[in-house]
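Dear colleague,

Please find below the structure that I am handing over to you. My notes on what was found in it follow directly after.

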Amino acid sequence: MQVSSLNEVKIYSLSAGRSLPEWLSDRKKRALQKKDVDIRRRIELIQDFEMPTVSTKIKVSRDGQYIMAVGTYKPRIRCFDTYQLSQKFERCLDSEVVTFEILSDDYSKIVFLQCGRFVEFHSQHGHYYKTRIPKFGRDFSYHYPSCDLYFVGASSEVYRLNLEQGRFLNSLQTDAAESNVCDINPVHFLFAMGTAEGKVECWDPRTRNRVGLLDCALSSVTPDTEIDGLPSVSALKFDGALNMAVGTSTGQVLLYDLRSSSPLIVKDHHYGLPIKSIQFQHQLDLIISADSRIIKMWNKDTGKIFTSMEPEYDINDVCLYPNSGMLMTANEAPKMNIYYIPVLGPAPKWCSFLDNLTEELEENPESTVYDDYKFVTRQDLENLGLAHLIGSSLLRAYMHGFFMDIRLYHKAKMMANPFAYEEYRREKIRQKIEETRAQRVQLKKLPKVNKELALKLMEEEGEEQQITRKRKQKNLPSLLKDDRFKVMFENPDFQVDEQSEEFRLLNPLVSKISEKRKRKLKILEELEAQEQEEEEEPEGKASDAESSESSDDEKGWVEEVRKQRKLLRQEEKVKRQERFKEDQQTLLKPQFFEIKEGEEFRSFKDSAKKQKLMKKTLGDRLKLEEKLGTLNVSDTTVGSKQATFKLKKSEQQKKQQEAERQHRQERKTLRRSASHLKSKRGRGRLFH
């Protein structure tokens with residue numbers, strides 16, 4: 001029997017350990033029990049409480065005597081008698097079971113919804129009747145007053161099958177494209193169904209009308225949750241007349257009061273997996289919700305986690321045995337798990353010996369699974385020099401680190417840091433001394449960074465306290481105690497440079513005040529040094545410094561500013577002379593520049609002009625282009641601006657254009673001269 005504890009809640013796993021094969025003889029079984037400690041300590045509460053491959057659903061009859069489970073492979077149902085602690089019967093089915101319901105108090109009336117659209121009825125002797133529904137079903141509920149079965153599935157209709165008349169009745173037409181789950185309230189028999197669109201529709205079976213609609217997909221999205229798609233309803237359970245819990249496909253559980261459209265509480269599993277099952281535990285006001293990875297128990301009023309369990313294999317269904325602390329799960333494994341939690345309630349009547357067993361274990365506590373192991377991260381292993389053990393049998397990977405033997409950890413830590421105990425002892429002594437010092441009179445301790453600024457703030461704080469005492473006002477918070485400005489007195493990067501030009505011009509009178517503060521700083525540092533040497537603090541001293549001083553008039557302030565400016569000019573002059581000397585000492589070497597192909601070297605002035613032009617802003621360049629005539633900006637009829645650019649011509653283009661212009665000019669002169677000669681000849685002929 002494996003024991004685990006979370007939040008000081010003991011959880012006993014009754015199905016832990018290996019199971020012995022059926023074909024072994026009693027002699028061999030006894031021999032194995034003598035040799036193997038795990039087999040000797042295991043508890044087989046119900047004999048052969050398992051399935052051949054996988055178990056999908058598990059339920060308890062209303063009288064509490066029979067536990068029924070369905071699974072594969074082949075598809076079958078197994079019924080276990082708790083009074084005999086063994087299997088009652090086993091029946092094989094034609095197709096896999098989606099879900100089933102026990103209609104009677106015992107095992108005499110069972111209904112199975114199978115994956116092939118079949119609905120199969122079993123009586124005490126076995127198979128009784130089989131029928132089909134029009135669409136594939138996903139869940140169904142039984143309405144006791146009218147003997148109606150309500151089937152939901154891959155359809156917008158809810159099919160009704162009356163068991164008294166033996167025929168289908170008119171179906172309920174819903175607004176949903178598909179439905180996943182359904183449930184009927186045990187008090188007022190309200191029928192509720194969860195849709196694939198993340199909504200819950202509530203119907204009154206008496207009038208066959210819809211009476212309510214809840215949008216759970218919208219309510220499940222909170223600022224802390226992260227979802228990938230639209231949440232659909234994957235689990236639904238009523239609690240009493242007014243409460244209803246809804247589980248979504250993204251891992252949230254919403255608790256509703258039927259009188260309100262907004263949830264009372266939203267609980268996120270933080271795994272992003274669909275909620276498989278929801279149960280209510282009334283003794284401690286708990287909700288037990290489970291997805292395929294974890295079972296969480298939390299308070300339905302506050303949402304605080306009570307405890308949780310993570311089985312080795314994926315969970316398909318969870319069943320809480322009525323009025324007890326026993327919990328059973330159907331898993332993706334042959335063995336079905338049984339857990340006993342004494343805090344939830346006593347053990348059932350048929351296994352009352354569990355209470356005595358757990359009481360004895362609590363009186364004689366044994367080390368739990370992780371008591372002899374130490375959890376270390378990869379960084380811890382590198383610090384201890386044990387990174388080479390990753391992948392070996394000495395380390396067991398778990399979450400973001402590893403489990404290692406506590407003895408190996410202590411041995412490696414002693415070798416890595418042999419003086420760890422001495423450091424621990426010194427730290428404890430220092431803490432004891434500081435505790436005793438806290439009762440004595442405290443001196444003002446200045447920080448390591450910006451001591452003068454801290455002293456100035458202390459003085460201003462003292463002045464403000466005196467003023468507020470006189471006026472009877474509330475004290476304002478101090479910058480030294482504010483966490484937002486804590487780094488300014490710890491990080492050296494925030495040290496105020498008093499020799500900078502900006503500081504000296506903004507604080508011209510700081511030199512006079514700083515001299516007084518420096519004296520005060522020296523006194524405080526001497527007192528701190530004496531305190532560290534003697535490890536004692538004087539009981540009290542009167543402060544020599546005055547509480548505050550009034551500032552000088554404007555005349556003195558202006559004179560101080562002029563002095564600071566003169567000093568700054570002198571310092572700048574000295575720096576300039578030093579730079580000039582350095583420039584004279586440096587030897588200038590000639591630099592050669594390569595001209596690109598197709599370009600001509602004219603002068604350095606053009607490149608300088610280009611550099612100056614590139615440094616100008618776009619607006620200045622546009623204005624210059626407008627003056628030169630290469631840019632034309634005009635307003636359009638729509639109200640926008642239109643800019644027209646003229647490309648600059650290179651020297652070659654300019655020469656070519658000049659040659660063409662001269663050629664055109666020569667041709668014009670030739671034409672004129674030719675026309676002049678013709679006109680002269682014509683005149684001579686007329687005269688002859």
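Two strands are taken to pair if DSSP finds at least two bridges between them.

Before the details, a word on the source. This is a predicted model, in which local features need pLDDT of at least 70 and side-chain atom pairs count only at pLDDT 80 or more, while totals for chains, interfaces and linings use all residues. Residues are numbered from 1 along each chain as its sequence is written, and side-chain values use heavy atoms, with hydrogens and water left out.

The chain as a whole

The mean pLDDT (the predictor's confidence in each residue, from 0 to 100) is 80 for the chain, and 76% of its residues reach 70 or more. Over residues 535-552 the pLDDT is below 50, and this stretch has 23 contacts in the model beyond near neighbours in sequence. Contact here means heavy atoms within 4.5 Å. The chain contains 14 helices and 34 strands. Of its 688 residues, 34% count as buried, where buried means under 20% relative accessible area, exposed over 50%, and partly exposed in between (1.4 Å probe, protein chains only). Among the contacts in the chain with a separation of 6 or more, 45% come from residues 24 or more positions apart.

The sheet with E30 and E32

E30 and E32 belong to an open sheet of three strands with the order E30-E32-E31 and antiparallel pairing. Its edge strands are E30 (373-377) and E31 (395-398), each of which pairs on one side only. From one strand to the next, the twist averages 35 degrees; axes are lines fitted to C-alpha atoms, for helices over the stretch in contact, and angles run from 0 to 180 degrees between N-to-C directions. Tyr373 stands opposite Asp405 in E32. Helix H6 (residues 406-416) lies across E30 and E32, and runs at about 95 degrees to E32.

The five-stranded sheet

A second open sheet to inspect has five strands in the order E1-E2-E29-E28-E27, again with antiparallel pairing. E1 (2-6) and E27 are the edge strands, each pairing on one side only. Neighbouring strands of this sheet are turned by 25 degrees against each other on average, direction ignored. At one end, E1 and E2 (residues 9-13) pair over five bridges in the antiparallel sense, and Gln2 has Ser13 in E2 as its bridge partner.

At the other end, E27 (residues 315-320) pairs with E28 over five antiparallel bridges, with Asn331 of E28 as the bridge partner of Ile315. The hairpin of E27 and E28 has five residues between the strands, and Asn323 takes a positive phi near 55 degrees there. E28 is also joined to E29 (residues 337-340) by four bridges, and these two strands run antiparallel. In E29, Tyr340 is the bridge partner of Met326, and a hairpin of five residues joins E28 to E29.

Is strand E28 mostly covered or mostly open? E28 (residues 326-331) is mostly covered, with six of its six residues buried. In a regular strand the side chains alternate between the two faces of the sheet. For E28, both faces are covered: Met326, Met328 and Ala330 are buried on one side, and Leu327, Thr329 and Asn331 on the other.

A nonpolar core is a set of buried Ala, Val, Leu, Ile, Met, Phe, Trp, Tyr and Cys residues joined through side-chain atoms within 4.5 Å. The largest one has 23 residues, of which Phe49, Ile58, Ile67, Met326 and Met328 touch the most other members. E3 (54-60), E4 (66-72), E28 and E29 are the elements that give two or more residues to this core. E28 gives the most, with three residues. A second, separate core of 15 residues includes Ala290, Met297, Leu320 and Leu344. Leaving aside neighbours within four places in sequence, Met326 is in contact with residues including Leu14, Leu45, Leu320, Tyr340 and Trp350.

Arg210

Arg210 has its place in strand E18 (residues 209-215). Arg210 counts as partly exposed because its relative accessibility is 36%. Beyond neighbours within four places in sequence, Arg210 is in contact with Asp175, Glu201, Cys202 and Trp203.

With kind regards
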